[in-house]
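Okay, thanks everyone, let's get going.

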Amino acid sequence: MKSTRARSIVVYILAAAFLAGLIFFVVRLFLSGQDWATSSINDHLSHAGQLSAAGKVLDRDGEILAQTVDGQRVYHEDETVRRALMQTVGDSTTYISTAVQTAFRSDLVGYNPITGISLSQLFQTGNDMTLTVDADVSAAALQALGNRNGAVAVYNYETGEILCMVSTPTYDPANRPDVENDTTGQYEGVYLNKALSGTFTPGSTFKVITSAAAIENLPDLYSRTFTCNGSVVINGEQITCHSVHGQLTFQDALAQSCNVAFAELAVELGKDKLTETAQRLGCNQSFSIDGLPTAASSYDVSDATENSLAWSGVGQYTDLVNPMHMMILMGAIARGGTPVNPYLISQVSTPLGFGGRTGQTTLGETMLEESTATQLRDVMRYAVQTSYGDGMFPNLTVCAKTGTGEVGEGKQPNGWMVGFTLDADCPLAFAVVVENGGSGISSAGPVASSVLQAAAAAVRGQ
């Protein structure tokens, strides 16, 4: 009896160990199966470590951006389009972590936890993925940036569709250069999609956030008059302005981007109110684009002296912002305070023809009260009318703010323009940054103008 009992215990232990191992394997399969199946060492999907078997990637109009032909990944026929969408679509490697051919590799190869990649092998293709981006708009953005580094982001603030997400430097994925051994520096940061993952000194675009705090906390804001003599001394430091503006109202202070007025407003508002407003408007947090996290904009004045606080209110000090965040904030202002969440993937279709993932219009968290958003819209519209000129944006009604973010070390500042249209048939929000481009109006302004014209044509079907 003792011998039988001992054998039974051993059998129970072995059975329990087998069951535990089976459960562990099944859990690992569901958690890591897609990583195993889509690994670059899987010869069914990759050749020499590069993606070779996957479905098509298409733009919003059905233009093929990437596809597999005879076991090789082939890209759009136009080089400008290929370069413009390189960080969005990706190349055949996995180096660009946020590119769809890397981040959504399992969708493209048709993996699912039940059948693995067997259906893809059966049909000799993966799933087709249609993006919201427009090839022509993206090409226009790259051409407008020229050989300068920067980022452009544009989306439909009513639907959430991202029409343009361009980052430079870039390269042609059809003729990939030897990036790893480059010594010229021309490809520095090329694997980073700066629209998603970059942060930059915002300069005067941050005055939109300071304006929101002032509108909400200073009841007499519109009856005030600011005096700008070209600089102001705060806590022993001279805060300089780019011009001598004289007497200014609040809306003129924003339109003419007066550092003196906004430095004084920042000090009066104080750390707590500025921080609360900045965080509510998206600073110090990440946004999700179909599961891809954006870099978090940063506003931290916890250790700032009064003069540093003043600089933070004009978009300097340690302020950093992400282009996608600024685009979303512009969309929130345009919509009365609550943004629509941007998305990139319009649809994923299987080889059998039925749909998988489908893009949806969803609301984000409210950033502003409607009255605050309305007032920001009005003063930004006034800035275009009186400072930039409506001629920059033919056939569009635009609200905008430029910025010149000083980066020090003898470098030219970052040039910015952010804003949105008021046209019901063309609801676009945008953010443009040109690294070391100089003033915002001269560097980012022409880029924004070109991209908005192309985006308007795409949305209006022209």
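**Cores, a sheet and a helix**

So, let me start with Leu131: beyond its neighbours within four places in sequence, Leu131 touches Val57, Leu58, Asp59, Arg60, Leu65, Thr88, Val89, Val100, Leu344, Ile345 and Ser346. Keep in mind that this is a predicted model.

Leu131 also belongs to the largest nonpolar core, which has 93 residues. The residues with the most contacts inside that core are Leu131 itself, Leu65, Met324, Met330, Ile333 and Phe420. Apart from that one there's another core, of 33 residues, including Val152, Val154, Leu428 and Leu452.

Now the sheet. What's the strand order? It goes β8-β7-β19-β18-β17, an open sheet of five strands with antiparallel pairing. β8 (162-168) and β17 (398-405) sit at the edges, each pairing on one side only. From one strand to the next, the twist averages 5°.

Tyr155, for instance, has Ile162 in β8 as its bridge partner.

Then there's helix α13, residues 323-334, lying across β7, β8, β18 (414-421) and β19 (428-434). Relative to β19, α13 runs at about 150°.

Last stop, helix α11, residues 259-280, where you'll find Glu276. Is Glu276 buried, exposed or partly exposed? Its relative accessibility is 39%, so Glu276 counts as partly exposed.

Okay, that's my tour.

How values were computed: Residues numbered from 1 in each chain as written. Predicted model: local features only at pLDDT ≥ 70, side-chain atom pairs only at ≥ 80, totals over all residues. Heavy atoms only, no water. Pairing = 2+ DSSP bridges. Helix = DSSP H or I, 4+ residues; strand = E, 2+ residues; numbered from the N terminus. Axes fitted to C-alpha atoms, helices over the stretch in contact; angles between N-to-C directions. Contact = heavy atoms within 4.5 Å. Buried < 20%, exposed > 50% of the residue type's maximum accessible area, 1.4 Å probe, protein only. Core = buried A, V, L, I, M, F, W, Y, C linked by side-chain atoms within 4.5 Å.
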